[in-house]
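Let us walk through this structure together, one region at a time. Have the sequence and the 3D view open side by side as you read.

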Amino acid sequence: MPFILLAMRIFVGAVFVYSGWSKLISPIENFMAVIEGYQFIKQPYISTVAFVLPWLELIFGTFLSLGFLTRVSSTVLSIFLAVFITLLLRSLMLHLPVAECGCFGSGIILTPWQALFLDSGILVVSLILVRQRPRWLSLDRILNR
Amino acid sequence: MGARKRYFFTAGGLILLLIFLVMVARYAHRANSSSSFENTKVKGPKGAPIQMVIYSDFQCPACRGAVEPVEELRNEFSDVIQVEFRHYPLEQTHPWALTAAGFAECAAKQGKFWEFHDQLYKEQETWAHAPEPIVFFARYAQESGLDPLTLERCLEDPKTLGQIRLERSIGAKQGVQSTPTIFLNGRPLVGPLQLKAQGKNIVLEELKKLASKLRQ
């Protein structure tokens, strides 16, 4: 069981590290265009979200991977996932012309349906992690000694 | 040191490390992304102070949506903007984009790129949903006055595909992820909405910068 939880923690953390990283090393205008495609906010909020969100993904993804502030990180990332799923469902219901979800930059191309399926699975895993106390190979355990 | 302080310093240290890593990666990315090559798909005055480089996919509806705002900007600032087209076919989502790019590249070799480009975007709705778009491409080539034998040889020449792939890889190094991506003197704009909202302001800013440099 501890090994499975460790694998889950690293998996969810790594997904968000990759997601945040791929957005941060490319021009911000790419992610701004993705947000524009979902048609749920306007400027100047688009620029703010495009700037802030990738940093939060990278930071909390790293924290979760390292088992640092595990419950806080998995709670924050679960909230992100819930919001992403809501936006994906909305885009599908409204038939918005979102060809690919824009989740991982150009590294991984996912259609909205594929992203919905993936995000739902990761949300389940992330919610399990919210309820876990610090275990082995985690910074939380080291810092709480 | 209390637990709270340990957490505070650990969080601070990790965040600073991540900021540093991102800055290094961005710097390395920018250092590797500059490149130039011979491209005949240009229009506008040579040596113009505003260089507009467009990475585009002929099967992309958003790219079609950018054609008009590009032309409006070019018409408004015709003396100072040079437009350069570079291929960026998104083959995973647009199965005929590469073929269209091939025909357009061959039209460029016969000096008819822009006519062919305009035709492809104007008729995109027709050919993009057709079972055999090649039929349409051949017709547009004929209507543009392209020599059919030269066109055929060009389409079969591996250098044609090589040129398209080169332009795409340069775009990828510059951070292009979707189309259309337009660079105005190196400043990126993604999609027709950003172009319409910010294109003119960027052109005016660049002209102001140039004017103040000339005054010095």
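What follows goes from the interface between the chains to a pocket, a cavity, a salt bridge and some backbone details.

Please keep in mind that this is a predicted model. The contact draws on 27 residues of chain A and 26 residues of chain B. The size of an interface is often given as the accessible area lost when the parts come together. Here, about 2400 Å² is buried between chain A and chain B, with carbon and sulfur atoms giving 68% of that area. On the chain A side, the residues that lose the most area to chain B are A:N30, A:W55 and A:L143, which together account for 22% of what that side buries.

Now look at which elements build the chain A side. The helices α1, α2, α3 and α6 (139–143) of chain A each supply at least two residues to the side that touches chain B. Of the elements on this side, α3(A) gives the most, with six residues. By class, the chain A residues that touch chain B divide into 16 nonpolar, seven polar and four charged.

How many salt bridges are there between chain A and chain B? The count is zero. Polar contacts do turn up, however: six residue pairs are in polar contact across the interface of chain A and chain B, both partners being at pLDDT 80 or more.

Let us turn to empty space. Rolling a probe the size of a water molecule over the atoms shows where empty space is left. The second largest pocket has a volume of about 560 Å³. Its lining consists of 27 residues, and those nearest the centre are A:P27, B:R30, B:Q174, B:G186 and B:P188. Two or more lining residues come from each of α1 (2–24), α2 (28–38) and α3 (45–66) of chain A, and likewise from α1 (3–31), β2 (50–56) and β3 (81–87) of chain B. The largest share of this lining, four residues, comes from α3(A). The classes represented in the pocket lining are 13 nonpolar, seven polar and seven charged residues.

Searching the whole structure gives two cavities of 30 Å³ or more. The largest cavity holds about 130 Å³ of space. Twelve residues line this cavity, with A:L5, A:R9, A:Q132, A:R133 and A:R135 nearest its centre. Helix α1(A) gives the most to the lining, with four residues. In the lining of the largest cavity there are six nonpolar, three polar and three charged residues.

Next come the charged pairs. Side chains of opposite charge can pair when their charged atoms come close. Over all chains, the structure holds 14 salt bridges. One of them is formed by the side chains of A:E57 and A:K23, at 2.9 Å from N to O. Because A:E57 lies in helix α3 of chain A and A:K23 in helix α1 of chain A, this pair ties together parts that are 34 residues apart in sequence.

Finally, follow the backbone. Most residues other than glycine have a negative phi, and most peptide bonds are trans. In chain B, a cis peptide bond joins B:T179 and B:P180, with omega of about -5 degrees. The loop that holds B:P180 runs between α8 (158–173) and β4 (181–184) of chain B. One last stop is A:L69, which has a positive phi of about 50 degrees although it is not a glycine. You will find A:L69 in the loop between α3 and α4 (70–93) of chain A.

Key: Residues numbered from 1 in each chain as written. Chains lettered and ligands numbered in written order. Predicted model: local features only at pLDDT ≥ 70, side-chain atom pairs only at ≥ 80, totals over all residues. Heavy atoms only, no water. 1 Å grid on protein atoms, 1.4 Å probe; cavity = no way out; pocket = protein on both sides within 12 Å on 5 of 7 lines; lining within 4 Å. Points joined across faces, edges and corners; volume = space filled by probe spheres on them. Nonpolar A, V, L, I, M, F, W, Y, C, P; charged D, E, K, R; others polar. Contact = heavy atoms within 4.5 Å. Buried area = accessible area lost by both parts, 1.4 Å probe. Salt bridge = Lys/Arg side-chain N within 4 Å of Asp/Glu carboxyl O. Polar contact = N/O pair within 3.5 Å; in protein donor to acceptor, adjacent residues only side chain to side chain.
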